[in-house]
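Start with the structure below, then read on.

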Amino acid sequence: MKIGTAAKGWPVGLVCVAAVALSLALTVDAVKREDFKTCEQSAFCLRHRQFAEAVAGASKPAGIVGGAASGQPASQYSVVPGTVHLDGHTLVALVEQKEDRVPLKFEVSFLAGGSIRLRAQEETPLFPRFDDTQKHTLRGEGRDLPYAPPESLRLTSGTVNGVAVHTVNVTGAADAFSVRVAEQPWSLTYLRNDKPVIQLNSKGFFKFEQLRKCPDGDTPTDGEWEETFRTWTDSKPRGPESFGLDISFVGFEHVYGIPEHASPLSLKPTRGDKDGYDQPYRLYNLDVFEYELDNPMALYGSIPLMLAHSAEATVGVLWLNAAETWVDVTHERSSAISNLFRRSGGAGREPSVSTHWISESGVMDVFLFPGPTVADTYQQYAAIVEQTALPRDFALGYHQSRWNYLDEEDVLTINDKMHEHGIPYDVIWLDIEHTDGKRYFTWDGQKFPDPAGLQGQLGRDGHQLVTIVDPHVKRDTSYRIWSEANERGYFIKARDGSSAFQGWCWPGDSSWVDCFDSEAAAWFSEQYHMDKYNGSTRNLFIWNDMNEPSVFNGPEITLDKDAQHHGGWEHRNVHNLYGMLYHKASADGLRTRESPNLRPFVLSRAYFAGSQRYGPIWTGDNTADWAHLRASVPMVLSNNIAGMHFSGADVGGFFGNPDETLLTRWYQLGIWYPFFRAHAHIDTKRREPWLLGEPYLTHIRDAVRERYRLLPYWYTLFREAGLTGMPIMRPMWIEFPAEKGLFAEDKAFMVGQAIMVVPVTDSDAAQPVDVAFPAQENWYNMRTHDMYMGPARRQFSVGLGDTLVFARGGSIVPTRERNRRSAVLMRRDPFTLYVYVGRAGTAAGRLYVDDGESYEYEDGAFIERELSFANATLVSRPSARTTASAAQAAFAKSMERVRIERVVVVGLRNPLTRATVRAGGEERTIEVSYSGSRADAECVVRDPAVPVGSDWEIALS
Ligand code: NOJ
């Protein structure tokens with residue numbers, strides 16, 4: 001949260017920052033749009049958008065070649081003839097603008113798996129452009145990416161319709177793919193099986209502002225060398241260095257991703273469409289107070305990853321840049337394909353989505369992922385960016401937060417009440433008020449006299465405590481963190497490059513640790529060690545908030561762009577990385593506080609591509625209304641699409657007071673967010689579940705227990721996500737990629753492959769809810785086991801206790817069914833397997849189990865089972881990833897007594913009465929029973945007593 005306009009222009013010396021913020025927060029109204037720039041107010045964005053308009057329209061800036069009349073796109077840039085050549089796995093070319101004739105070096109690198117990477121910058125730059133985004137984001141800091149073997153590339157040159165073109169064919173891949181570079185104007189087309197899929201600069205919007213010296217004398221007025229927004233002036237010492245490029249997805253009608261925006265899942269057009277937005281999507285991490293829905297404004301995080309999907313293919317683009325970035329989206333129902341690719345007999349017109357990416361600074365660095373399946377696309381992304389870190393088991397449980405739990409007694413009362421009401425939970429959260437005057441790593445001694453004792457008490461039932469640590473450091477000579485960082489010069493510097501940057505945040509006058517200085521980051525990580533962080537124990541975990549960073553009196557509530565980081569880099573270059581590096585430093589600190597290391601848990605608000613390696617994020621300060629409940633679904637889905645799988649929204653809504661119905665419905669939805677936390681603003685009424693009374697309490701308890709029951713399924717999904725990059729919370733189209741009717745669906749969603757959730761998002765209980773059951777498949781209501789056959793649409797009346805959650809026929813879902821107080825207490829509990837029989841009479845699933853906290857799984861200390869059901873027989877076998885090792889054997893031994901205590905087969909056509917259990921060379925027969933809402937709905941095998949980690953079969957007859 002932040003204070004918005006009121007924060008600005010405060011007289012220096014105004015002390016009660018927080019009090020002002022709080023009173024403002026009482027009224028929930030609209031975002032202060034005037035606090036944030038539009039594209040027109042961001043000089044480089046305006047320059048590129050105007051340029052694009054000129055290129056697309058009649059009035060062309062001087063020097064443009066091509067254009068509508070010539071049948072070629074208009075562009076100012078062409079390949080310098082004779083410069084195109086292959087150098088190892090990279091195609092190199094020089095490109096120059098007709099007027100300037102200062103060459104840009106283009107490098108198109110080919111990766112194993114079919115991805116390509118295009119990098120461009122001046123051949124001989126006047127001074128270096130910032131190029132460390134790759135270091136902080138890519139695997140191995142970008143040094144050892146899996147490039148294609150040079151011998152798999154073949155370059156041919158020729159002319160097509162009078163234009164010189166160079167084509168690289170890649171051999172050895174399953175699909176024939178090639179990259180074609182046209183010379184004049186330059187364009188790059190990615191073809192699969194000779195069909196254009198992704199085109200760069202086919203619209204001619206490429207524009208690259210070359211590094212230059214400030215012209216003497218006159219100061220240009222279009223914001224190139226200085227720019228003012230409201231009362232702030234950006235000094236722009238390096239002048240303009242932005243660039244823009246159009247990327248078109250040929251044959252696609254939907255694009256997704258580029259979070260974070262409070263907008264629909266399928267990205268709306270931002271130009272030329274009356275139903276779209278009139279501003280581009282903005283990627284610039286910002287603390288937006290009371291953010292507005294259905295809006296392309298920037299929010300707390302930025303991931304420049306976009307996917308395009310059609311019934312035929314999925315492809316992706318990663319625009320690897322951490323500076324302020326804007327993305328225009330245009331839908332072209334029937335766009336002309338350039339002459340270069342028109343195939344004989346074809347109409348030459350296809351729908352496409354065209355995007356225009358504009359970044360303020362840095363090197364142009366773009367990855368194209370050719371798919372063609374969703375899983376392929378994520379595999380290609382995962383090959384270059386590490387995916388979600390496997391969380392601690394408790395992190396998938398329920399998190400109980402509010403700003404603030406007042407003192408130790410308050411925390412313990414919450415803990416007792418949770419137990420009394422049978423609501424499992426894992427973590428209680430402490431917001432900023434727990435500190436001594438917003439000095440992080442300290443405690444308010446009156447309210448928290450014995451924090452270690454408190455953690456000990458919570459720990460008895462496996463619960464954890466989270467405290468908040470924000471990046472602003474109170475400027476106070478008596479505060480150790482400030483003095484140490486100050487003495488060592490670890491703070492971000494002001495524009496002068498020498499004094500520490502100063503700004504306002506919760507504690508008043510503050511400075512910010514510069515995590516781009518590896519020494520400063522290492523020092524900061526150490527502050528989390530138990531010998532430094534007084535009162536912390538191994539049961540304490542962390543929440544990083546305000547790390548966009550939020551600066552109450554800064555331009556757009558953040559740091560000045562000309563503030564300086566380690567190495568002399570201006571903040572403008574690194575802005576969208578800052579939050580991630582801060583998050584990383586915190587996670588590193590927790591990870592290394594014990595030996596052997598344990599997995600950390602740190603929640604962050606700001607994020608970038610790669611943040612998934614460090615911990616979850618949440619969607620910030622939402623509002624307690626139905627519209628925000630609805631909007632949370634596409635927001636969390638978009639994060640998942642962009643690889644930020646571990647994310648969720650504040651259950652209940654941060655601002656305002658939800659009524660009982662809204663809060664109940666929000667819990668029923670929130671249990672399906674990968675990160676499940678209830679949180680509320682300090683001025684809201686208390687809303688812990690038992691305060692609602694009946695019947696709400698029962699419904700909320702049921703919902704939370706459903707989350708806990710399914711923890712084995714969730715944990716398995718997280719493991720998969722970490723390895724494959726596949727989203728956890730998935731838009732419907734990911735599971736049903738050919739069903740066009742689902743491409744824009746952003747109410748219903750899937751959790752993994754097996755569970756479809758249709759949240760109730762309306763206050764009116766009389767309003768029936770529409771459910772579309774996709775595919776030729778059976779769907780089973782997860783509570784009643786009533787079956788529905790897809791494809792079909794049905795309407796359901798839903799009482800407050802009813803939820804619309806369906807298991808997909810053909811899947812096997814592992815659960816743990818004993819009610820416990822926390823996830824940690826479930827570690828030795830037996831499993832129940834649900835087999836949801838598919839239309840073909842079969843089903844499949846997976847179960848992953850490890851110790852829930854250490855890194856021993858990296859040495860093989862896990863159990864991973866492939867479960868399959870066919871011919872009325874359920875079989876458990878080790879997964880291909882299971883390999884024999886000492887660690888594996890030790891873990892398997894520790895799990896010897898953990899068994900499958902029940903198997904429930906749902907949807908058997910013929911009632912079967914006996915189960916033959918084969919395990920360990922022995923065979924036993926047990927009776928089976930039927931239960932459920934219909935006599936033949938469920939076949940229950942009680943206690944087959946097979947250990948979870950061993951091979952077994954259960955045959956029904
Ligand atoms: C802003 C965060 O978004 C919110 O969750 C938190 O409660 C406040 N800051 C106070 O720390």
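Pro185 sits in a loop, with strand 10 (177–182) on one side and strand 11 (187–192) on the other. Helices (H or I, at least four residues) and strands (E, at least two) are DSSP runs, numbered from the N terminus. The model is predicted: local features need pLDDT of at least 70, side-chain atom pairs count only at pLDDT 80 or more, and totals for chains, interfaces and linings use all residues. Residues are numbered from 1 along each chain as its sequence is written, and side-chain values use heavy atoms, with hydrogens and water left out.

Most residues other than glycine have a negative phi, and most peptide bonds are trans. Here are the departures.

The bond from Gln184 into Pro185 is cis. The peptide bond from Glu548 to Pro549 is cis too. Pro549 lies in the loop between strand 30 (540–544) and helix 9 (571–591).

| Cis peptide bond | Omega |
|---|---|
| Gln184 to Pro185 | near -5° |
| Glu548 to Pro549 | near 0° |

Next come the phi angles. Asn193 is not a glycine, yet its phi is positive, about 50°. Asn193 belongs to the loop between strand 11 and strand 12 (195–200). His785 also has a positive phi, near 70°. The loop holding His785 runs between strand 39 (778–781) and strand 40 (787–789).

Is each side buried or exposed? Buried means under 20% relative accessible area, exposed over 50%, and partly exposed in between (1.4 Å probe, protein chains only). Asn193 is partly exposed, at 43% relative accessible area. His785 is buried, at 3%.
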